[in-house]
2 protein chains.
Amino acid sequence: MNLYSLDAWFEKERKNIVEDYFTFLRFSSISADPSFKKEMNNCANWLLDYVKKIGMQVELLPTPTVPVVYAQDLTAGKDKPTLLIYGHYDVQPTDPLEEWENDPFDPKEKDGEIYARGAQDNKGQLWYSLQAIRALYALLGKLPVNVRLCIEGEEEYSSSGLISILPQIKEKLKADGLLVPDVDIVHKDVPAITLGTRGIVAMEIELIGSSTDLHSGLYGGIAFNPNRSLIQMLSQCWEESGKVLIPHFYDDVLPLTEEEKKQFDFTLDPKYYEKQVGISVFGGEKGYQPLEASWTRPTFEVNGIGGGYFGKGFKTIIPAKAIAKFSCRLVPNQDPKRIVSLIRDFLEKNLPNGIKMGFKEYGQGRAVRGSLTSTIAKSASLAYQEVFGKPCKKILSGGSVPVIADILKEIQAEVVMMGMGLNSDNIHAPNEHFGLDRLKKGFLVMAKTVENFGIGK
Amino acid sequence: MNLYSLDAWFEKERKNIVEDYFTFLRFSSISADPSFKKEMNNCANWLLDYVKKIGMQVELLPTPTVPVVYAQDLTAGKDKPTLLIYGHYDVQPTDPLEEWENDPFDPKEKDGEIYARGAQDNKGQLWYSLQAIRALYALLGKLPVNVRLCIEGEEEYSSSGLISILPQIKEKLKADGLLVPDVDIVHKDVPAITLGTRGIVAMEIELIGSSTDLHSGLYGGIAFNPNRSLIQMLSQCWEESGKVLIPHFYDDVLPLTEEEKKQFDFTLDPKYYEKQVGISVFGGEKGYQPLEASWTRPTFEVNGIGGGYFGKGFKTIIPAKAIAKFSCRLVPNQDPKRIVSLIRDFLEKNLPNGIKMGFKEYGQGRAVRGSLTSTIAKSASLAYQEVFGKPCKKILSGGSVPVIADILKEIQAEVVMMGMGLNSDNIHAPNEHFGLDRLKKGFLVMAKTVENFGIGK
């Protein structure tokens, strides 16, 4: 199957592809906020119908939270390998909403880029994957390998629904290769497959000092200000250089092998981040290059702090409480449960007498590291090379797809992460966008990857 | 003029007094938020009409911001002293609104307490003061001293409007005694006059790390998290004991004299704050008793911090920016301008390379300390003793009425602060309230104070 026929099919279908993509983007499928649960269900049902029309056997798998869209076509037969493609139909929250230039759920095109929440992560990347399957049916009459799709609705939150049903549905997920189209290439013209993602743990603390907000004059010097406690407790979590000071945090981190150091190219134009997102100085852990830190080192980041009045004007209060939400990115061999317990113990030890602390865990997941020599890695790498006309780099991602480690525990498949994202796409941020040129290139790469996988190359 | 006739007058007028008090409370005169400017003007005009009907000469004094309600009656003549009463018709913001049990601008009575924003601070205290003047007209036919009223609309924000016109209106404020009914008594049954308030400076910083919120996976380890910078910079402002570490912060603080130590009684039931507002442990500067710290020591309090996502659920971002609003309470001899400059220099020195800082000042004011031997202090003290039937304590307040220092710079009057507040009134917090019993007692004290001042006792 040559690239010209795939290209021609895409152009013939372009109008439908883009229209249906916009429809997909219009669902405000925000998993973090329970008030969007109905939209989540609408989105899942719409997607199920769409995949059914493509020609696959579909099934909506209920979970304790939101449903998983499952599909399979095993007609390639037992002598062909089985490919599992994982994706997610949920998206991140949209605030600060006032920084969006359009309604995040009313997609707009500008200079070939589509602006919407989920335009890239993960609806866009899922979209070209589905189009590749449509094209394979249209051009080959049938799929060249057995294909299973597992599209969940909680990747941006915790994947708790899918994870809770994994043991029951493991037969449905059985595959030789697991393909996760949810990551980035290096540059617009530099292809890459991703051989690992970091793990993650996410937590929240609430510090309570009094039963009500207090007047900062009458109580200033008397009451313990929970903002001060929050600041003083969290400040002890890092040294100034950015190194995490929570005891034993780095205990299980394995140093890179010489082979890994050779495989992964950490060099980057120092002006790159300044141009992309206005960062002029590397702010990560000292002693590491930016990409090395992002790919191979764990972090402790405060994702949100809030305490007292920070609206317009000024309010002279000592707040009753203050909260912080924070998360760690983890590397292979770090155990999420252990990290949560180290952090919790450290914070509890540093809690001042007179302040009460509430502690809450969000989702967690281990890091994933795939093998460079697996068939699926080679198939994808070759597909990128065919489409881009240049060698495919092997990289890691600082991001996390926590559920992948859980799936791999059930099915022991080889894994590769791929994608057409750029780190200028503003995923998880206002004005997320994805290019129609990349939607098409992703389609070509995905179709060729599936074909390559079928002939074991 | 005996207390019985004052009491009888109040009871005869009670229905009108309470009805008009509720009308006054219904104006959402929030000075910190410019969107309430129209309500501020409506409130000022309604108040002007009310004071005019009492029988005083009124004038609405325009300022660059919101108007000042001014009134005078100088018919007592040149051989009588002149009393200036200062108050404010503006109130604090109301959030967190969800913690109010009623609409803060729809007053409700419960067990004799009136719940509304401003019920005490300062509309309630102003209200009994105006009723005292009404009663003096009714019972004596005329006022026993020359009286001026200066009721501004920005005390909770910065008093910038009034301060800017002070040099022009100083003749209107000329008085022998300045009475400020805006503070607390010690307990429900323990009367006190307040001989000093602390000064205040208020500031805001905004730390900017990038041009947009960033994905905490892709950028975690690369970008400088402004939440971390905020935490690390502010944590250096105190030692663990609560002592402020900003260099030279305490330089100008004068120790209490032996006489002052004798005058002010800092003892307090340790269970008091736990019962009132749920504070079980003293959280202020070590080495001082709670009241001593609140009355005589400066503070550095973070009134609000906000950065990233802290709503429902979780958002794995590194925020583009983080803000903190903070204020200091100051004691006599500390210069607000110098304190702001010390803090700003300290923060700028500790700003990490790669983070930009915005700095904003809000209002500021010096501490005030009145003399125990002035006529107005003696008049008020005696009035409390007459109404409560027990000696009147002499206390200080940890709060601030910044404009008082500015007024005193123009008119050199003796000053005393008085009031009927309790620190359980939740001023500046949800469910602010004031008791009708205290409204009446405040009325009696105010009427007697004016009368005592007229006969120089």
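Strands here are DSSP runs of E, at least two residues long, and helices are runs of H or I, at least four, numbered from the N terminus. Two strands pair if DSSP finds at least two bridges between them.

Now colour the ends of that sheet. Angles run from 0 to 180 degrees between N-to-C directions, with axes as lines fitted to C-alpha atoms, for helices over the stretch in contact.

A note on what you are viewing. This is a predicted model, in which local features need pLDDT of at least 70, side-chain atom pairs count only at pLDDT 80 or more, and totals for chains, interfaces and linings use all residues. Residues are numbered from 1 along each chain as its sequence is written, while chains are lettered from A and ligands numbered from 1 in the order in which they are written.

Go to the place where the chains join in the sheet. Strand S12 (residues 301–308) of chain A pairs with strand S12 (residues 301–308) of chain B, antiparallel, over five bridges. Select Gly308(A): its bridge partner in S12(B) is Gly304(B).

Next, show the whole interface. Here 81 residues of chain A are in contact with 81 residues of chain B; contact puts the C-beta atoms, placed from the backbone, within 7 Å. Elements giving two or more residues to the chain A side include helix H5 (226–235), helix H7 (272–277), helix H8 (290–296) and strand S14 (321–330). S12(A) gives the largest share, eight residues. By type, the chain A side divides into 32 nonpolar, 36 polar and 13 charged residues. Nonpolar covers Ala, Val, Leu, Ile, Met, Phe, Trp, Tyr, Cys and Pro; charged covers Asp, Glu, Lys and Arg; the others, Gly among them, are polar.

Superpose the copies. A rotation of 180 degrees with 0.0 Å of shift along its axis brings chain A onto chain B, RMSD 0.0 Å, by least squares on the C-alpha atoms of residues with pLDDT of at least 70 in both. The two copies are thus related as by a two-fold rotation axis. The same surface serves both: 100% of the contact residues of chain A recur in chain B.

Chain A has 12 helices and 19 strands. Its C-alpha atoms fill a box of roughly 80 × 50 × 45 Å along the principal axes.

Select S4, S5 and S19, three strands that form an open antiparallel sheet in the order S4-S5-S19. Strand S4 (108–110) and strand S19 (433–435) are at the edges. The twist averages 30 degrees from strand to strand. Three bridges join strand S5 (residues 113–115) to S19(A). Glu113(A) stands opposite Gly435(A).

Notes
Contact = placed C-beta atoms within 7 Å.
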